[in-house]
Amino acid sequence: WHVPSDSNIYDKGFVGESRMVGVVGASDAICATWFGGKLEYVHGINIMPVTPITEALLPAAYVKEEYEQLAGDIANMDPAWVGFAVAAHAIIDPATAVKEV
């Protein structure tokens, strides 16, 4: 479900749109969940639960790419999901992320 920019698993159109798969079907993958298509939903649902092992499951190089997409819209993000974006940010920049709490 991680899609780094150099991925060849999914077509280039998908890789340009997102860094995380929300739903995988028999012949497609989309950046959405059954309850909505906002990027914070797709990212947040896929990193739940945030625990000490989360950092090992989400490599920093990957999170840097995904967080760049999330960071652009944090001000407009559904407040219930901001914590997941901050948790991702903490993987790559804990000192700055703690100030976002």
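The structure is a predicted model, in which local features need pLDDT of at least 70 and side-chain atom pairs count only at pLDDT 80 or more, while totals for chains, interfaces and linings use all residues. Residues are numbered from 1 along each chain as its sequence is written, and side-chain values use heavy atoms, with hydrogens and water left out.

The secondary structure comprises six helices and two strands, taken as DSSP runs (H or I of at least four residues for helices, E of at least two for strands) and numbered from the N terminus. Along the sequence these elements follow the pattern α-β-β-α-α-α-α-α. With contact defined as heavy atoms within 4.5 Å, 44% of the contacts between residues at least 6 apart in sequence join residues at least 24 apart.

Helix H5 spans residues 79-92, and its buried positions are Trp81, Phe84, Ala85, Val86, Ala88, His89 and Ile91. The cover over these buried residues includes helix H2 (39-47), helix H3 (54-57), helix H4 (60-71) and helix H6 (94-97).

The packing of the helices is considered next. Two packed helices are described by the angle between their axes and the distance between the axes. Axes are lines fitted to C-alpha atoms, for helices over the stretch in contact, and angles run from 0 to 180 degrees between N-to-C directions. Angles under 35 degrees count as roughly parallel, over 145 as roughly antiparallel, 65 to 115 as roughly perpendicular and the rest as oblique. A crossing is left-handed if the near helix is turned anticlockwise from the far one by less than a right angle, and right-handed if clockwise. For the classes of contact residues, Ala, Val, Leu, Ile, Met, Phe, Trp, Tyr, Cys and Pro count as nonpolar, Asp, Glu, Lys and Arg as charged, and the others, Gly among them, as polar.

The axes of H4 and H5 come within 9 Å and cross at roughly 135°, which makes H4 oblique to H5. H4 passes H5 in a left-handed crossing. On the H4 side, Ala60, Val63, Lys64, Tyr67 and Leu70 meet Ala85, Ala88, His89, Ile91 and Ile92 of H5. This contact divides into eight nonpolar residues, one polar and one charged.

For H2 and H5, the axes come within 9 Å and cross at roughly 70°; the two helices are therefore roughly perpendicular to each other. Their crossing is left-handed. Glu40, Tyr41, His43, Gly44, Ile45 and Ile47 in H2 meet Trp81, Phe84 and Ala88 in H5, and the contact residues divide into six nonpolar, two polar and one charged.

H2 and H4 pack with their axes 10 Å apart, at an angle of about 140°, and are therefore oblique to each other. The crossing of H2 and H4 is left-handed. Leu39, Glu40 and His43 of H2 make the contact with Glu66, Gln69 and Leu70 of H4. By class, this contact has two nonpolar, two polar and two charged residues. Beyond four places in sequence, Leu70 touches Leu39, Glu40, His43, Met77 and Ala85.

Ile91, in helix H5, is buried with a relative accessible area of 13%. Apart from neighbours within four places in sequence, Ile91 contacts Thr54, Glu55, Leu58, Ala60 and Val63. The C-alpha atoms of Ile91 and Pro59, residues 32 apart along the chain, are separated by 8.1 Å. Thr54 lies in helix H3 and is buried, with a relative accessible area of 8%. Not counting residues up to four places away in sequence, Thr54 touches Ile47, Pro49 and Ile91. Pro49 is placed in the loop between H2 and H3, and a cis peptide bond with omega of about -15° joins Met48 and Pro49.

Definitions and conventions: Buried < 20%, exposed > 50% of the residue type's maximum accessible area, 1.4 Å probe, protein only.
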